[in-house]
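Hi,

Here is the structure I said I'd pass along.

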Amino acid sequence: MNASSRSGVPGRDELLAADRRVLALAASAVILLVLVGAVSSALFARPVCERIDPIPLTATERQARTLGTDLSGALGEAADHLADRFGPLTGAVEAAGSDALADTDGGTAVLGGEVLVLTSDGADVHTGAGFDDAAVVGDGGVLYALALVNELTGQVDALQPLGDGLEALTCVETAVVGSPLAFHLSAGDGELLLLRTDEDGSDAELQLRDPVRGQVWNAGLELPTAPAGVQGERVTAALTGDVVVTARRASRAEEAPVVTAVDRDDGGTRWVLGTDDLDAVLGEVPRSAEVLGVRGGEVVVRFVDDADETDDAADADGGEAATSVVRIAVADGRVRGVGDTDTDLLGLRVRRGGIVDEVHEVLDPLADVALTDVVVGDDRLTVLLDVEETTVGLTFER
């Protein structure tokens with residue numbers, strides 16, 4: 001035993017051993033932190049495109065969505081009423097979490113957390129896919145899965161076109177350093193419309209995309225100064241035939257165009273309407289604008305008082321914000337009429353035509369049944385209903 005040990009003072013060997021233990025513990029801690037970071041990164045920071053990849057439904061899973069035609073309860077009552085008006089029920093599917101229908105080249109599709117492409121009679125799910133973290137939009141030849149990071153503004157970090165079998169095509173990340181931010185505006189006929197703008201809201205552009213060419217065209221869009229997220233929230237648009245129409249939240253005090261129409265082929269400006277042109281529907285209180293679609297050669301745009309700006313925006317009688325609907329000629333931008341409406345189905349009526357009025361008339365007396373969407377085919381009618389907290393798609397032979 002050395003002198004240091006006899007005196008109770010640690011010796012050199014003991015000090016070195018203690019140092020080695022401290023270093024070993026520190027190294028273990030670093031390794032543990034690296035492993036935890038790697039696992040966390042794998043779980044929570046997967047590439048954006050990977051997060052919106054489709055997950056094919058198995059044959060068993062697709063079969064589990066089908067309900068047949070022998071329905072009971074409120075669902076059976078709704079189906080019977082609709083069959084009396086439109087023709088026999090040919091198929092029914094359960095579509096939990098779905099909120100829209102789409103007329104695709106592969107058949108009628110139910111869109112939501114899962115995408116279900118139905119057989120022609122609606123009796124079976126022909127193709128299906130689930131998504132971990134994607135919003136699916138569009139119709140026609142191609143649907144798009146979007147990494148929608150902000151539902152309020154519509155900001156998109158990646159877009160994934162889907163093939164005929166809902167397989168993933170070429171994914172595009174839009175949240176790339178140095179590139180403009182992207183906000184989803186509309187989708188249809190296999191194309192996707194985005195608003196692209198810098199973070200400060202400058203250099204705003206419309207961008208039309210298809211799955212083969214990618215960017216088809218960019219068209220400058222004049223907007224009031226505001227941050228990018230605010231621009232995304234305030235601008236709406238619709239792809240309608242051979243024209244693209246945008247509208248933005250506006251008041252009389254602003255000078256930038258409110259409604260803009262551009263050619264769908266090349267993005268060239270067709271016409272614009274400013275605040276003076278829309279004096280009948282604009283006031284001192286800003287009004288949100290929504291492009292509902294085209295009907296009978298007219299663009300239909302709904303303006304609603306922005307309740308966030310003033311306590312006077314709500315109607316004194318019903319407590320709802322005042323609403324105006326403007327009809328604008330597609331050909332030349334002439335305002336053809338202004339009216340009021342209080343129906344929540346106006347957007348459906350514009351997109352789908354008078355058939356929606358008929359469906360709503362049939363369902364109106366039924367409790368616990370609400371219409372979500374309608375698709376009209378040559379010889380079929382498919383409706384998406386919320387029935388007693390269950391979402392179902394019913395197909396009828398016309």
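Which strand gives the largest share of the lining of the largest cavity? Before I get to that, bear in mind that this is a predicted model.

The answer is strand S16 (residues 243-248), with three residues in that lining. As for volume, the largest cavity comes to about 40 Å³. With the cut-off at 30 Å³ or more, the count is one cavity.

The other thing I looked at is a pair of helices. H5 covers residues 73-86 and H8 covers residues 355-363. Their axes come within 9 Å and cross at roughly 135°. Angles over 145 degrees would count as roughly antiparallel and 65 to 115 as roughly perpendicular, so H5 and H8 end up classed as oblique to each other. The crossing of H5 past H8 is right-handed.

On the H5 side, the contact is made by Ala78, His81, Leu82, Arg85 and Phe86. H8 brings Ile355, Glu358, Val359, Glu361, Val362 and Leu363 to the contact. Taken together, the residues of this H5 and H8 contact split into seven nonpolar, one polar and three charged.

That's what I have for now.

Cheers

Definitions and conventions. Residues are numbered from 1 along each chain as its sequence is written. This is a predicted model: local features need pLDDT of at least 70, side-chain atom pairs count only at pLDDT 80 or more; totals for chains, interfaces and linings use all residues. Side-chain values use heavy atoms; hydrogens and water are left out. Axes are lines fitted to C-alpha atoms, for helices over the stretch in contact, and angles run from 0 to 180 degrees between N-to-C directions. Helices (H or I, at least four residues) and strands (E, at least two) are DSSP runs, numbered from the N terminus. Angles under 35 degrees count as roughly parallel, over 145 as roughly antiparallel, 65 to 115 as roughly perpendicular and the rest as oblique. A crossing is left-handed if the near helix is turned anticlockwise from the far one by less than a right angle, and right-handed if clockwise. Contact means heavy atoms within 4.5 Å. Ala, Val, Leu, Ile, Met, Phe, Trp, Tyr, Cys and Pro count as nonpolar, Asp, Glu, Lys and Arg as charged, and the others, Gly among them, as polar. On a 1 Å grid over the protein atoms alone, a cavity is a set of points where a 1.4 Å probe fits but cannot get out, and a pocket is an open set with protein on both sides within 12 Å along at least five of seven lines; lining residues have an atom within 4 Å of a point. Grid points are joined across faces, edges and corners, and a volume is the space filled by probe spheres set on the points.
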